[in-house]
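Subject: The structure you asked about

Hello,

Here is the structure, ready for you to open next to your notes. My summary of what turned up follows below it.

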Amino acid sequence: MSNPLVDMEKPDVIFCIGTNMTECHPVAATRLKKAIAKGAKLIVADPRRIELAEMADVYLPLRVGSDVALLLGMAHVIGRECLVNRDFIEQRTEESEAFLEHVKQFTPEWAESICGVPAKDIEQAAIWYAQAERGAIYYTLGITEHICGVDNVQSLSNLALMTGNIGREGTGINPMRGQNNIQGAGDSGALPNNYPGFQPVDDPKAQAKFEKAYGRPMSPEKGITKVTALDRCGEQIRAMLICGENTLVSDPDRKHCEHAMKALDHIVVLDIFMTETAELADVVLPATAFAETDGVCVNTERRVQRLRAAVPPPGDAKPDWWILSQLGKRMGAPGFEFTSAKEVFNELCSLSPIYAGIDWDLIEHGEYHWPIPEPGHPGTPMLHEKEFPRGRGLFKLVEYRDPAETISEKFPVWLTTGRRLQAYHTRTQTGRSSGIDYLLSEESLEVNPADVEAWGLQDGGWAKLSGTKGSVNIRVKSTMRSPRGTVFCSFSFADVPVNILTGAGYDPVTQTAELKVCPVRVEAV
Amino acid sequence: MNTPSNQELIARWKDEEAPLLPLLHAFHDRDGYLSDETLRDVAQGLRLSLADLYGTVTFYHHFSRFPPGQAAPRVCDGPVCSLRGAHDLIEALRKDGATAMPCAGRCDEPIPVLEGDKVFVGLTHDSLNVKPSPLPPKNPGGTEECVFASIREPGRSTLDGYRKTGGYEGLERALKSKPEELVQLITDSGLAGRGGAGFPTGRKWKAVADAPGTPKTIVCNADEGEPGCFKDRVLMDHDPHAVIEGMILAAYGTGATRGFLYLRYEYPETEKILEKATEEAKSAGFLGEKIGGKDFTFHLSVRRGAGAYICGEETSLLNSLEGKHPFPRNRPPFPVTHGYEDLPTVVNNVETLASAAAIARKGADWYQGLGMGEHAGTKLISLSGDIRRPGNYEVPIGLPLQTLLEDWAGGAPEGRTIQAVTMAGLSGGFLAKDGLGVTLDEPSIRSKSSFLGAGGIIVYDDRRDMVEAAQVAMQFFAHESCGKCFPCRIGTQRLTERLRGDAGPRELEAWRTEVADLGRTMKSLSACGLGIAAPLITESLVRYFPEQVARHVAAAQ
Amino acid sequence: MATIENSTQTLTLTMNGTEVTFSPGETLYEVAQRHVDRDVPTLCYDERLEAFGACRLCVVEVEGIRNPVASCTTKATAGMVVKTHTDGLEAHRRTLLEMVASENREIDVDPLSGYASQEMKTLVDRYEARTGRFQGKQSGKSRPDDPNPFIKRDYDLCISCYRCVRVCAEQEGDYAISVANRGFETQITTEFGGFLKDSACTFCGQCIQTCPTGALADHKALRSKDVPGEVKKTRTICPYCGVGCSVDLMSKGDKLVGVLPAMDGPANLGALCIKGQFAYDFVQHSERLSTPLVRGDDGVLRPASWDEALDRAAQGFKDAAANHGEDSIYAIASGRAPNEAAYLTQKFIRATFGTSQVDNCSRA
């Protein structure tokens, strides 16, 4: 997030796109609701009539995967209506003239023809966002899990740049991170292109720094992404260390995943439960869980916070840091003589410029947002206040592209996937917490009532959901949340492994899978 | 005529000002009750929380959630009607689904029975008739009247009838001068709130005129819920234009552009009279845009409550208008700066506004001179109970109570003497013995630990069990307590139980201590007037009738 | 507001005879919290919510105003002379608490009921208000029939302070809880008086945490009511989404018994959702992995010692490196585990093999 969570109570115009925040980030959503209660206008773009849509002042029900068209249309309106923030553009950005010229061709009527949102609503949304004193954008995986995920984000960035809705309180471009420490995992260097603190592996200075720190030569080559690694299992990749991920269920194209895993010579899994992935491992190492672990995590607003153990772990389960240190030692590598999480974290701080100003003791109360470039620095709740990482904000000339797969005669329905309030991911945790079943005991496919009838389905009956890669059976739920021609389900339930169907394409830059769009056929069973 | 659909009704109202109450009434009128489906549709249509809407609907006595609902008779069992056999009447109508309702403001001619949008009156089930509300008797003291001066003229409720005796002349004159001059005139007259609070009207108007924020609003508080009060009803039924003129004057003086007349549910005929008068005033150019050819706009809407005494409390009334749960608001801020939709708002009683219309026509000095001695102006008194000539009287402020009771209204019925009277409807508690020597002005009555308030006086003759009278009164307060603040919610219940004899100490001293402790804390700590006033009932009961109290506690053993 | 910017002038009022400072907009309650040794009592106040003025316990005397005023809803103004603990006020408070006690079935509830559940009991004891005076009808009707496993609805203990209604609306924005009827018949309810599951309730648990009497209580935590031992609280961060809500874990001995929202948690300020509030017991689920496992020659995973499992794990990586090169080993870090896990995962790859064959799970 460019801005801290507390800023969510401050915008006067809120633009939520591709985020089902009330279910996926409910506590963050409470802050948006406070802004709304104070009179903020809410613009919601989502293919599904989610709860946020019900609260919206203008709701933009776009077709799945057509975000770029919608956002280009909005940019066109802002340019056409002379609502561009000239001062901001001149002082803080580059390539604005080319961009404003570029968007002239993308009228709201053109956008309507692609995304299906009435042109007048696109205009209204654009005008409100552009006229906002403090306009803030919030998005989640509905933006990124597309083959054009980067284009989507850049389109949002273009809107913020052209209106100057960034770098100030209550504004910004704010992705909501989906997992408790997905931010921290990247911060800590678990990335093929970056050392800890986002220091590029192909930067010789960084290379030298880590060669010194780790006491061995480092390859200046970027590693491959997880997606590529799974493609190369049994070929380049022969052994895997998988820490706490149920790759098999959460990743797209499950058959491919399973095939890949089985092609490996050696799999070591650290986890707290016997997941489908752990079942394939050669060695399974029992880790401590939440409530049993001391450590550090980083939230969606880059806030660095401490985790503390309250209860002992079961049996012989051990903290991740202990297990990985032991493993490192046994590989004969130096520098794995850690005796506490604190030592590990402090080593990370010593090597990471974004954590340079903190250590384990300083973050006791969680008041620091990184970057904290040097000791004594108060942290950085808001990014881009004076300049962008590259200096000036760069407009990108984005064009609309169709999803990897589009609906056809054979697969005439859009499937989109996501989460539900009461379940988390693959339910390894929520599924084992008592009471959750009372509210959500099984997965169902959300279908518009008119489609239920048109397709010969029954509310509460069963349907077969088929795509190019296979099919699953699922119970049908008739609901106005789904528009006609689009159906939804979550990937949380093992008995409805919907990721069998998904994942036809990946964003070329981030290699994020297109989990949000999948053409399917729905038939009564 | 086709029955309108849910969506048609919602479309009719959703873009109006203060739409919730009229929309719910539209459904209530259509179906007789508010179904789950209705509430779901209304919540969605007006973008309200369904839980809140459900809760708010259950707050009002008269919103029915199930059939037969509105169609079933509701019989007043207020303090006067219960002296007149209300409970027998309820029994007689039980087969039709009759239930009791709190005082419905026909104490001068009991017993009102509400059925659908009609009010029947009569003492027995076979004598129930629809009758217009009685005109005030001709002033027996020969003192000059203010608001009643022309009310007995035939045709007074029509625009023509009203104009015949100078109606709207005050407005026309005011429109020729500056708004500040009108406010000054009202200030000079000494007019003070006639709903009970007695706040100087001119000061209130000035505060709203000076307050930042628009649009400003005039609210006429016609939620005449105090038992034993029926004076506003007679004004609205027989002189509706005077009230409307008063509201327009208030709007002109303060710069308000919208107005609501918030009418109590139990006056359905009055609503029709007001709607008609409003239409007439609109056609005559006294309401709407460019009033009197000036750059002065004022739109007036009638809104009907749904049966909640607390909505007579001005901040509850505002919440009710806004479609919120009708709890009183915390003050400050006051409505003059943060009223309807948190914007500057005048809330004035019906009688106050009608008086303002007369003052605009006849002047400040004239009004000042109507009172006795140093007191300015007049007060309407609704007199009922054990008295020969019940009805509404306009008295000069400062008139001795005894003069009103004995000389004007003929005293107690044959062979009886007056044992006690209530003040301020029920809110002022009882006056008896030396207390009956007061004059009808606040300083005199307050010296007896009571107050004049809205001007309802209920008379109890020497037959009456005053503990029972107190219990009826306290039960009313318990029934009407909104439930927001602890001392009132619990206190009115506990006092009722002690007066009814079904809980509390069996020993007199302990009983008196509990009742006194409850009363003291309620009076000091309650959040609004209801909880502050209710213990005046027990306080005055114990003060004037210690033997009756002792007998009651002894009998409960 | 020129007065706010012009901060050279210090605002003061007199409280219990002492001149104290305040900031514009502060209420007398807030001023008293800072300056008065003894707490000003209250039952309807939750600092995260708009002051409501229902319980009237926080009343104070202000010179020039006849009746005591609720300090929570009264703004401080310069020059006010305020008294917070006169004999008269204390007597009123005791009477009020006797009144409140009289409408409830029980005063003492288990602390596992919720964060604020001891407030009523504490005040009743402080004011010695268990006198049994003011007996009569009890208010509130419980809903033991609501089968939801999270929120116990024992309205016999309800004192109609409306904190649950307000927290649901103001803090959570769900508007699921409302109030039906009026006066002594007041009943905390949901749409049409039904079960929570059929309402707009999202089971975030905020109502149980603000309830001062345990009327709305934590069903799940109360299952451990009879587990011996004191409740220990440990501050940590919720393990679900990326918002990073602070929670206080409640444990008795080695048993995790419940979760309290951390009112001072910087990301959540006391807010939680159903997952953070209630989905914690996976931690001590019987299916937790509790011993290392290695795959035997028969192809079946069997328990092993740490030494054996770690040696086996290391050996497999050594073999891969020897046979297929250092870039044949790949590691995936978790977005669920702490920084230390991610850091050591990448260090394992980088310090051992010198490659960057590592990623985390953010791409899917």
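What volume does the largest cavity have? It comes to about 540 Å³. Please keep in mind as you read that this is a predicted model.

That cavity is one of 14 in the structure with a volume of 30 Å³ or more. Its lining is made up of 37 residues, and those nearest the centre are A:Gly244, A:Gln429, C:Ser334, C:Arg336 and C:Ala337. Two elements each give two or more residues to this lining: β10 (266–271) of chain A and β10 (232–237) of chain C. Sorted by class, the lining of the largest cavity has 17 nonpolar, 15 polar and five charged residues.

Next comes the second largest cavity, which holds about 370 Å³ of space. Among the 28 residues lining the second largest cavity, A:Gly18, A:Leu141, A:Gly142, A:Thr417 and A:Lys516 are the closest to its centre. Here the elements giving two or more residues are α9 (141–144) and β15 (413–418), both of chain A. The largest share, three residues, is that of β15(A). In terms of domains, domain 1 (5–176) and domain 4 (413–524) of chain A each provide at least three residues to the lining of the second largest cavity.

Now to the contact between chain B and chain C. Interface size is often expressed as the accessible area that is lost when the parts come together. For chain B and chain C, the buried area is about 3,700 Å², with 58% of it on carbon and sulfur atoms. Chain B brings 52 residues to the contact and chain C brings 44 residues. Which three residues supply more than any other three of the area that chain B buries against chain C? They are B:Phe486, B:Arg489 and B:Leu525, with 19% of that area. There are also four salt bridges between chain B and chain C. B:Asp517 forms a salt bridge with C:Arg133, where the closest N and O atoms are 2.9 Å apart.

Finally, a word on how chain C is divided. Its domain assignment gives domain 1 (2–85), domain 2 (106–223), domain 3 (225–288) and domain 4 (293–363). Between domain 2 of chain C and domain 4 of chain C, the C-alpha centres lie 51 Å apart.

Happy browsing, and do write back with any questions.

Best wishes

Note on methods:
Residues are numbered from 1 along each chain as its sequence is written. Chains are lettered from A and ligands numbered from 1 in the order in which they are written. This is a predicted model: local features need pLDDT of at least 70, side-chain atom pairs count only at pLDDT 80 or more; totals for chains, interfaces and linings use all residues. Side-chain values use heavy atoms; hydrogens and water are left out. Domain bounds come from an automatic or database domain assignment. On a 1 Å grid over the protein atoms alone, a cavity is a set of points where a 1.4 Å probe fits but cannot get out, and a pocket is an open set with protein on both sides within 12 Å along at least five of seven lines; lining residues have an atom within 4 Å of a point. Grid points are joined across faces, edges and corners, and a volume is the space filled by probe spheres set on the points. Helices (H or I, at least four residues) and strands (E, at least two) are DSSP runs, numbered from the N terminus. Ala, Val, Leu, Ile, Met, Phe, Trp, Tyr, Cys and Pro count as nonpolar, Asp, Glu, Lys and Arg as charged, and the others, Gly among them, as polar. Contact means heavy atoms within 4.5 Å. Buried area is the accessible area (1.4 Å probe) that two parts lose on being put together, summed over both. A salt bridge is a side-chain nitrogen of Lys or Arg within 4 Å of a carboxyl oxygen of Asp or Glu.
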